[in-house]
Amino acid sequence: MAPDQKTRLKAIIGGSTGNLVEWFDWYVYSAFTLYFAPHFFPSTDRTAQLLSAAAIFAVGFLMRPIGAWIMGVYSDRHGRKAGLTVAVTLMCAGSLIIACTPGYDTIGVFAPIMLVIARLMQGLSVGGEYGASATYLTEMAGKDRRGFFSSFQYVTLISGQLLAICVLLVLQSTMSEAALDSWGWRIPFAIGAVLAVVVFYIRRGLAETQSFENAKSEAGDGKPKSGFIQLVTKHPRETMTVMLLTAGGTLAFYAYSIYMQKFLVNTSGFSREVASQINAATLFVFMLLQPVAGGLSDRVGRKPLMIAFGIAGVLFTYPIFTALETATNPIYAGLLVMAALVIVTGYTSINAVVKAELFPAHIRALGVALPYALANTLFGGTAEVVALKFKDAGFERGFYWYVTAMIAVSLVVYLMMKDTRTNSQIVED
């Protein structure tokens, strides 16, 4: 029996709240990199320090496919709620480690080693979180509003990122720069650990989805089960589709949002405070656009939105970045960043529902999580490293062409695939 509207709403709010905290913990690392990098990586060169910190950010992504695999199977076999609960536990532990680890001057090489361990744990957590939460929100949403409600995964993902930046802005305005550089950067990691504990108890009280309950009741001897071999042998086309449709979208998202804060400081020449303000303002508008675009996809389909992102991303990524190189007015820079984020909304608002609609219930969490995590690791997690390598080599604009090319690859997939709104594997209403 499908859940009533009250149950759906309670589950979506509960699931979304947990997703917000997960992504807050994940993005705090990026938001505070400029402050904690000198403590873990001794160097007088800011770009070198950022490269070291960005490399560990990318290392965290290496665990995301493993987390997606392990917890995708776990969520398919034990429930979406169970997967979500395990994910937030790992995130809590990772944040706590970063908050408490002494700097390089105190414990030497063990400082970056502990940072790597913490990011590996958080990568494992986020790898499992995406598949479980995307599947949970999509299955709970109901057919007619699936695009709208599933878009709240990115609303909360962006909210987590935005909350991390807001914490940064508050600390910048209430603490001296010396104090923030010295120890204040540890505060958001401690906050994230505490919030994760709260989410753990919230998630334990969530209702399970009807899709999982149906798949569980139908399971038995001879029935297909979730697993890597089952995924790649029985659903190879869908798996490859998820990887390729994700490649351009995730790279664009990380380039326009995560890396943009460093770009505004390191290339455009804005102060850290102004760059944070631009990032916060544009992300807030970006967040509000997600349910608007998700709701639109329930009316016109998922495919038109993805194609619009692909075409606009190919045409305007290079011009936007080159214009930002010489931007000196914060409002002008903010409008350019906002234009880029409006473009990528065609992907971010509906990517979760598109992936979930491609797979049957018994393997859905794994099918959503693993190929997404692989593409995210290859393209999203390395975005900052690739961008900084291009800059370090004296050819920064090579990164702009790289982003454009990957969006073009995904555009080909968008043009060729069926619209999942009318060809969905989710049968419960």
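Let's start with Ser 133: leaving aside residues up to four places away in sequence, Ser 133 touches Asn 19, Leu 84 and Gln 153, where contact means heavy atoms within 4.5 Å. What you're looking at is a predicted model, in which local features need pLDDT of at least 70, side-chain atom pairs count only at pLDDT 80 or more, and totals for chains, interfaces and linings use all residues. Residues are numbered from 1 along each chain as its sequence is written, and side-chain values use heavy atoms, with hydrogens and water left out.

Ser 133 sits in helix α6 (residues 110-141); helices here are DSSP runs of H or I, at least four residues, numbered from the N terminus. With a relative accessible area of 2%, Ser 133 is buried (under 20% relative accessible area, using a 1.4 Å probe and protein chains only). Its side chain also has a polar contact of 2.8 Å with the side chain of Gln 153, that is, a pair of N or O atoms within 3.5 Å, one able to donate a hydrogen and the other to accept it.

Now hop over to Gly 367, in helix α18 (residues 364-380). Gly 367 is buried, with a relative accessible area of 0%. Not counting residues up to four places away in sequence, Gly 367 touches Leu 231, Val 242 and Phe 359. Follow the chain and Ala 68 is 299 residues apart from Gly 367, yet their C-alpha atoms are separated by 9.1 Å.

Definitions and conventions
Helices (H or I, at least four residues) and strands (E, at least two) are DSSP runs, numbered from the N terminus. Buried means under 20% relative accessible area, exposed over 50%, partly exposed in between (1.4 Å probe, protein chains only).
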